[in-house]
Amino acid sequence: MRVRILFAGSTVLLIALMLLSLCIGAYPLTLQDIPTILTGNASGSMAEQVFFRLRLPRTLMAVLAGAALSLTGGIYQLIFRNPLASPDLTGVASGAACGAACAILFASGSMAVLMGGAFLGGILSLLCVLLLVRAAGSASAGTYVLAGVIISAAADAALMALKITADPEKELAAIEFWTMGSLASVTVDKLLAVLGAILLPMMLLLLLSRQAAMLSLPDEDVRPMGLHPGRWRCILAVLSTLCTASVIAVTGVIAFAGLIAPHIAYRLYGRRSGAFLPLCTLFGGILILAADLPARSLSAGAELPLSIFTVIIAAPTLAFILCRRGRFGGYGNSL
């Protein structure tokens, strides 16, 4: 019953925010306009152009980005047995942004090249984190976090060096986009270009949710179940990185999106198995939609960075969880 209530409530909230996202903007639309547009009775009108070219792609991308980042955040937390693991803190997001910046500076900058650069940057960052953890000789939660912070800092330093060499009038502005996160440039073409690269890994990750939950147990408990921990961590990490990089190729780096939604899902659901990962996707979509509404409406004639509002939502939520529990929760007893 609790799961049904969570799914029903979050689905209703997600739909309500999607409708708000479709209506709010410089050119206002009403709820009555939407069925008129969808049935073709507003063909050729400005409202139809705004709806299909701007609002619908942006709204769908917000839901898709939030769901993908939150799902991968939940996967990272499970496979690394670390409640602080996320694309931000494992260095994947910074590495993907650095890879995208390299694609802008040294390649064509097309969507396919950006996705490739972001993916390679994210994978290299993840490999560096795993190598640091192995070199440290400890697989504790703190080791993963510290390794992620180190690699993230190194990727950020490389990104700053790339900014210095970039053309201030063209390339620098494009690189700055990746460091702030925004849905302002989302178009139908960009959405279609990354749709498969986001949805396919997401579906595979959801299908493999049982294996991911098993990896949150100690390795000595997982092996008798017929699961090879190293192999499965590699598979799930690569799928998660592909998903994250594909989102970053369109939206840039959205801070804390992959960290806060899994914590909300865990606190409401109570465990990190079963419906945990599907709930992460729903709460992630809600989070990005809620952040995008003020990002595009508070400043007249200008878009504010999306990360400002995800941090505003994340910081007090995480502080509340920390103060209430004194910790972020274990893994072995939450399955």
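How far apart along helix α13 are R296 and D292? Being four residues apart in helix α13, R296 and D292 are separated by about one helical turn. The legends below describe a predicted model.

**View 1. The salt bridge between R296 and D292 in helix α13**. The closest N and O atoms of R296 and D292 are 3.8 Å apart, inside the 4 Å limit for a salt bridge. R296 is buried, with a relative accessible area of 12%. D292 is buried as well, its relative accessible area being 1%. The helix that holds the pair, α13, is mostly covered, with 19 of its 22 residues buried.

**View 2. The salt bridge between R58 and D292**. The closest N and O atoms of this pair lie 2.8 Å apart. R58 belongs to helix α3 and D292 to helix α13, so the contact ties together parts of the chain that are 234 residues apart in sequence. R58 counts as buried at 7% relative accessibility, and D292 is buried at 1%. For both, the value is under the 20% that marks a buried residue.

**View 3. The salt bridge between R58 and E303**. Here the side chains meet at 2.7 Å, N to O. The pair links distant parts of the chain, with R58 in helix α3 and E303 in the loop between α13 and α14 (306-325), 245 residues apart. E303 counts as partly exposed, at 35% relative accessibility, whereas R58 is buried at 7%.

**View 4. The network formed by R58, D292, R296 and E303**. These four residues are linked by salt bridges. The count of salt bridges in the model comes to three. R58 pairs with D292 and with E303, while D292 also pairs with R296.

**View 5. The second largest pocket**. About 360 Å³ of space lies in this pocket. Its lining has 17 residues, and those nearest its centre are G25, A26, R55, R58 and E303. R58 and E303 also form a salt bridge with each other. Helices α3 (46-79) and α13 (276-297) each supply at least two lining residues. The largest share, five residues, comes from α3. By class, the lining of the second largest pocket divides into nine nonpolar, three polar and five charged residues.

**View 6. The largest pocket**. The volume of this pocket is about 590 Å³. It is lined by 22 residues, of which L130, R134, Y144, G230 and R233 are the closest to its centre. Helices α5 (111-136) and α11 (229-251) each contribute at least two residues to the lining. The largest share comes from α5, with seven residues. The lining of the largest pocket has 14 nonpolar, three polar and five charged residues.

**View 7. Helix α13 along its length**. The helix has 22 residues and reaches 32 Å from its first C-alpha to its last. This is close to the 32 Å expected at 1.5 Å a residue. Of its 22 residues, 19 are buried, D292 and R296 being buried members of the helix. α13 also supplies at least two residues to the lining of the second largest pocket.

**View 8. Helix α4 along its length**. α4 covers residues 92-106, and its 15 residues should span 21 Å at 1.5 Å a residue. The end C-alpha atoms are 21 Å apart, which agrees with that expectation. Like α13, α4 is mostly covered: 13 of its 15 residues are buried.

**View 9. The backbone at R81**. R81 has a positive phi of about 50° although it is not a glycine. This residue lies in the loop between α3 and α4. At 26% relative accessibility, R81 counts as partly exposed.

**View 10. The backbone at F256**. Phi is near 65° at F256, a positive value in a residue other than glycine. F256 is placed in the loop between α11 and α12 (257-269). Its relative accessibility is 30%, and F256 therefore counts as partly exposed.

Definitions and conventions
Residues numbered from 1 in each chain as written. Predicted model: local features only at pLDDT ≥ 70, side-chain atom pairs only at ≥ 80, totals over all residues. Heavy atoms only, no water. 1 Å grid on protein atoms, 1.4 Å probe; cavity = no way out; pocket = protein on both sides within 12 Å on 5 of 7 lines; lining within 4 Å. Points joined across faces, edges and corners; volume = space filled by probe spheres on them. Nonpolar A, V, L, I, M, F, W, Y, C, P; charged D, E, K, R; others polar. Buried < 20%, exposed > 50% of the residue type's maximum accessible area, 1.4 Å probe, protein only. Expected span 1.5 Å × (residues − 1).
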